[in-house]
Amino acid sequence: MRSTTSRILRGIALVSTLTLGVTACGGSDDGSDTKAVSAGDIQAALDKGGDITVWAWEPTLKTVAADFQKKYPKVKVNLVSERSGDKHYTALSNAISAGKGVPDVAQVEYFALGQYSLTKGLADLAPYGASKLASKYTPGPWNAVNDGDKVYGLPMDSGPMALFYNKTVFDKYKIAVPTTWDEYLNAARKLHKADPKAYITSDLGDAGLTTSLLWQAGSRPYKVDGTKLGVNFDDAGAKKFETVWQQLISEKLLAPVNGWTDDWYKGLGDGTIATLATGAWMPANFVSGVPNAKGQWRAAAMPAWTKGDKASAENGGSSLAVPALAKNKELAYAFTEYANAGAGVATRIGEGAFPATKAELESAAFQSKKFDYFDGQEANKIFAESAANVASDWSYLPFQPYANSIFNDTVGKAYVSSTKLADGLKSWQDASVKYGQEQGFTIEK
Amino acid sequence: MTTLQPPVAAEPRPAPPPARRDRRSWTGWGFIGPFVLVFALVFLAPIAYSVYLSLFRDQLIGGNQFVGLDNYTRALQDDAFWSALGRVAVFLAVQVPIMLGIALLVALALDSGRLYGKGFFRITIFLPYAVPAVVATLMWGFMYGTKYGLVGDINSAFGVSLPDLLSPGWVLASIGNIVTWEFVGYNMLIFYSALRVVPTSLYEAAEIDGAGQWRIISSIKLPAIRGALVIATIFSIIGSFQLFNEPSILRPLALNSITTDYTPNFYTYSLSFNGQQHNYSATVALIMGVITMIVAYAVQLRGMRKGA
C-alpha cells in the first residue's frame, strides 16, 4: 500500500512537472522594429488593405472610423468601445502580457502612457513619421506622449481645466461665481446653508481630480527621471489644496456621490451639484448625460489658489497608441495619424471633442463657437485660455494607474473617517513609494 | 523435464521478473491514466504553475527574475495581507455561527412537522440561494444606500437617521448580512436532508420513553446530523476565507470603506489586475490556500473525533 501511494505520488509529480514545462514555455518575443517606415510603405499598406482593431471609448471615433473606411475601402476598422478606465487598462495589460488579442490601436490616457512605454508595451511611432508632427500639437499633450526622441502615441484631445457651474442655482441664491478657492469655499457654505440638499460639488475621493488640483496649486509631488523617482506631497502647493479641501470635507460640503454614476448625472441635472471642475472635454458629456439642464450651465475660468494667479492644469485627455505587439502597425499608424493629425481632427471637434492641435485651438471659428448647451456662451475662449495657462513641469508616476487604484484605500479614508486629508496623502505617498521600490525604481527623497 | 531444456536458456533467466513487474505497473497506469491526465491538467497544473510563478518577481525595472522564497517572506510580513486575513477571521467567527444557527433552526422547524405550508416555507428560505451572488449584492447595495436606497427612504419618511451601512464601521456587518441571506437556505437544505434520513422509529421509541421535543432534538436529531453540521461548517469556513464577490461588487458603492485589500482574495485580485504583481499575487493565494486547508482540516478532525 505504502509503495503504491508513493509510486502514484511520484507519477503525479512527474505529470505535473511535465505540464509545468509546457505552461512555462509560453514566452513572448518582442516585435519592436526600429527601421524607418516611409510614407510610401504606409500608403502601400493602405492600398493592400486589412483589418485593424481599435480599443477606444472616445465617442467621436465612430464617425472617424467610418470616414476612414470610406477613404480606404480595403481597410476594415474594428472599433471596440465598451470598456473604459480601469477595465480598459486591465484588459490591455492582460492582452500585452499574454501576447494574444492585442489591439492594433489603443486609447491611452496621458497619465497611463508612462506605464506602457516603460514596459515596452507600445511601439515607438517616430520611425513612422510621428516626430514630424510635433509642431502641430500644444506643448502639454506633446510632452505627455514623447520621451526623448521616441513618440509613444499621438495626442487625441486635451483637458485644460475649467469650472462648470449651474448659473440658475448661483442666481437663485445670489452667489457670485468664485474666482479663488477661498471664495469657492464660502460659496459652498452659503449654498449648503440656503439649501441643505444642494452641494457645491460632488467628491468622494477621486485621484484624477486631486492630482489635477495639486497640479494647479503648484504642487509637484512626482519627480520622475528614468528609473529614479520621488513622491512627496509635503510642499506649499499641496498645503493650499489640503487647507481648502479639508474644510470642504469636514463641514460636509461635498455631495457624497461618485462621478459618472446615475446619482451624479441626476445631481448635475437637478441643481444639487452646483459646480464641476474638470477638463474642457466635458461639454459633450453634458449634452449627452444631462440633457434636462440645457441652458442652466456655464463655463468659467478655474478659481485661483492665490488671487490673480492664472495657473491652470490638465484633467484627463488621451492619446491613441500602437501596442508593440500590434499585427498591422502600418495601418494602425495610418489610422492614428488620420484621426489625430489628419482629417479626423475636424470631424471630432465638430462632434464636441476638445483639440490638442494648435491650429484648431487658435482658429477663429473654434474660439467663437457658441455652445447651445451653455445658452450661446463662447466657452472655447475660456478653454483655450486655460490651455495656454497650463502650468508646466508636471509629471505623473510611471505606474499612475496603479497609484490611482489605491487612492481610495489611502486618501479615501479622509472622506469617511477622522483621518486628515494630509495624512491620507502621506499614506498614499508611502504606498506609492513602496510599490515603486518593489518595481525596482530607485527612490529619491 | 529439466533435461529437455537447452542449456543456454538457463543463463538469461533472472531478467524477466523486472520486466513482468514493469508490465503490471503499467497496466495500473492504463486504468487510472485518463483520470490522472485530466486531474493533472485541471488541478495540479494550475497549482504547480502558481508555485512556479511564486518563485519569480517581474518588475517594471529589471524584468523577470528568480527570487527563491522572497515572495513568501514578504507575504509573511505583509500587513495588508494579515489585516485582510484578520478581517475574514472576524467575519468567520461572527457570521458563520449566526448563519448556521438560523439554518439549523429553520431545518428543525421544517422537520418538526408542525408547520403549515411546509413546502412553500422551504422553497422561500431556499430561494435566495438561487439568486446569483452578483444580483443579490447589487440588490442589497441599493437597499443600503443612504441617498436613494431603502435606508435613505426610511430616513426621510420617518425623520430618523439610521447609520450608514456602507461606512467603514458597518460595511463588514452589511456584507455578513448579504452572505447570511444568500446561504441560510443552502445550509438549511443540507441539515434538513440529513434530518430526513433519521429513522422515525427512533422518535417513536423516544416518545414512548417520555422524551419531550427538546430532548429528541438534543439526544437524537443533533447527534444524527453531526456529519452534516461539520460539512456545512467546513464549507462556510472555506467560503468566508474566499470572500470576494460581495466586497468587490459593493466597492463602487462604498469606495472608501472597502479597500482593494479588504479580503485576502480581493487583495490577490488587486495585486494581479491593478498592480501587475502576478508573482506575489500567486504567493498570497498559495499561502491563503494552505491556511484555509489547515483551518478546515482542524475543524474536520475535531468534529469527527467527538463523533467517533
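A polar contact here is a pair of N or O atoms within 3.5 Å; within protein, one must be able to donate a hydrogen and the other to accept it, and residues adjacent in sequence count only if both atoms are side-chain atoms. By that rule, nine residue pairs are in polar contact across the interface of chain B and chain A, both residues at pLDDT 80 or more. The model is a predicted one, in which local features need pLDDT of at least 70, side-chain atom pairs count only at pLDDT 80 or more, and totals for chains, interfaces and linings use all residues. Side-chain values use heavy atoms, with hydrogens and water left out.

The rule also turns up two salt bridges across this interface, a salt bridge being a side-chain nitrogen of Lys or Arg within 4 Å of a carboxyl oxygen of Asp or Glu. One salt bridge pairs Glu438(A) with Arg74(B), whose closest N and O atoms are 3.1 Å apart.

As for the contact itself (heavy atoms within 4.5 Å), chain B puts in 32 residues and chain A 36. Together the two chains bury about 3200 Å², 60% of it on carbon and sulfur atoms; buried area is the accessible area (1.4 Å probe) that two parts lose on being put together, summed over both. On the chain B side, Leu60(B), Ile61(B) and Asn256(B) lose the most area to chain A, together 23% of what that side buries.

Away from those totals, Asp78(B) caps the N-terminal end of α3(B), with a side-chain oxygen 2.9 Å from the backbone nitrogen of Ala80(B).

Definitions and conventions
Residues numbered from 1 in each chain as written. Chains lettered and ligands numbered in written order. Helix = DSSP H or I, 4+ residues; strand = E, 2+ residues; numbered from the N terminus.
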